[in-house]
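Student: I would like to go through some local features of a model. Please show me how to read them one at a time.

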Amino acid sequence: MTRTVAQKRADFRALHEQGCFVIPNPWDTGSARYLQGLGFKALATTSSGHAWSEGFADGAQSRDVVLAHLRDIVAATDLPVNADFENGFASDAQGVAESVRLAVETGVAGLSIEDSTGDATNPLFPIDVAVERLRAARKAIDAAGGDTLLVGRAENFFAGRPDLDDTIARLKAYAEAGADCLYAPGIKTREQIAAVVAAVAPKPVNLLVGGVSELTMKDIAELGVRRVSVGGGLARAAWGGFDRAARALAEHGRFDGFEGAAAGADLNGFFGRFSS
């Protein structure tokens, strides 16, 4: 049965109330449908994965392109979709509010707003400005009905400012500004994760695990994390296989890179259900 946008959003919120779930990150229609077929309960877009698939670096795509991508992913799957909405495509609160309004209209069940500026010399918005931006996002969501989940992101560890105390101060401020879920991409140790979870409790925390980790889902759940995303991890894994196969051809004239490739018949069988 096809779920309505309202049902997807209600189901998405319910996932954050207890337990710990994985929210993998597709980068196109095919990967979204495949992940749904594997039984995941929700999906999240990845700005990096989609940018690479279009031949761009992460962060180089326009708001209009990202909004079109959100519409495509929402239409491709019956699962709730969380939007990687970067920094809201605006530096000021009013601009963030307008961007969020447009994102909500795509049908996403959640969206995240970063506190990164895109300026390498000053990579993070001052905390008061970042809070104002989150409040604007919250107001825009509330004006649209309030059922879209808002994720507040502290980008310290991604922005070359790995200060856990400042990260926690930012996350607590974003929670008070109306964020429903908190996210500090780049934290990795048990101590860092436990500190973030405790600081923003009872609000849920998203943990990014985009590469090989000693932590299992059981470990992460025991630390109190509610959801785990992989960012561009799946896209990078796909590009890794592509790169190995392509380099074997280009540099050695060999076809060894095709070993382990998915069978065309299997892919046709899976995607055939979506063919009209």
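Tutor: Start with Leu-38, which sits in the loop between helix 2 (29-37) and strand 2 (43-44). Bear in mind that this is a predicted model.

Student: Which residues make the nonpolar surface patch?

Tutor: Leu-38 contributes to that patch together with Tyr-34 and Leu-267, and the area is about 270 Å².

Student: Next, backbone angles. What is phi of Glu-86, and where is Glu-86 placed?

Tutor: Look for a positive phi in a residue other than glycine: Glu-86 has one, near 50°. Glu-86 belongs to the loop between strand 3 (81-84) and helix 5 (93-105). Buried means under 20% relative accessible area. The value for Glu-86 is 11%, so Glu-86 is buried.

Student: What is phi of Phe-89?

Tutor: Phi of Phe-89 is near 55°, again positive in a residue other than glycine. Phe-89 is also in the loop between strand 3 and helix 5. With a relative accessible area of 23%, Phe-89 is partly exposed.

Methods:
Residues numbered from 1 in each chain as written. Predicted model: local features only at pLDDT ≥ 70, side-chain atom pairs only at ≥ 80, totals over all residues. Heavy atoms only, no water. Helix = DSSP H or I, 4+ residues; strand = E, 2+ residues; numbered from the N terminus. Buried < 20%, exposed > 50% of the residue type's maximum accessible area, 1.4 Å probe, protein only. Patch = residues over 30% accessible without salt bridge, like charges linked within 9 Å, V, L, I, M, F, W, Y side chains within 5 Å. Areas by Shrake-Rupley, 256 points an atom, 1.4 Å probe, with all protein chains shown as cover. Salt bridge = Lys/Arg side-chain N within 4 Å of Asp/Glu carboxyl O.
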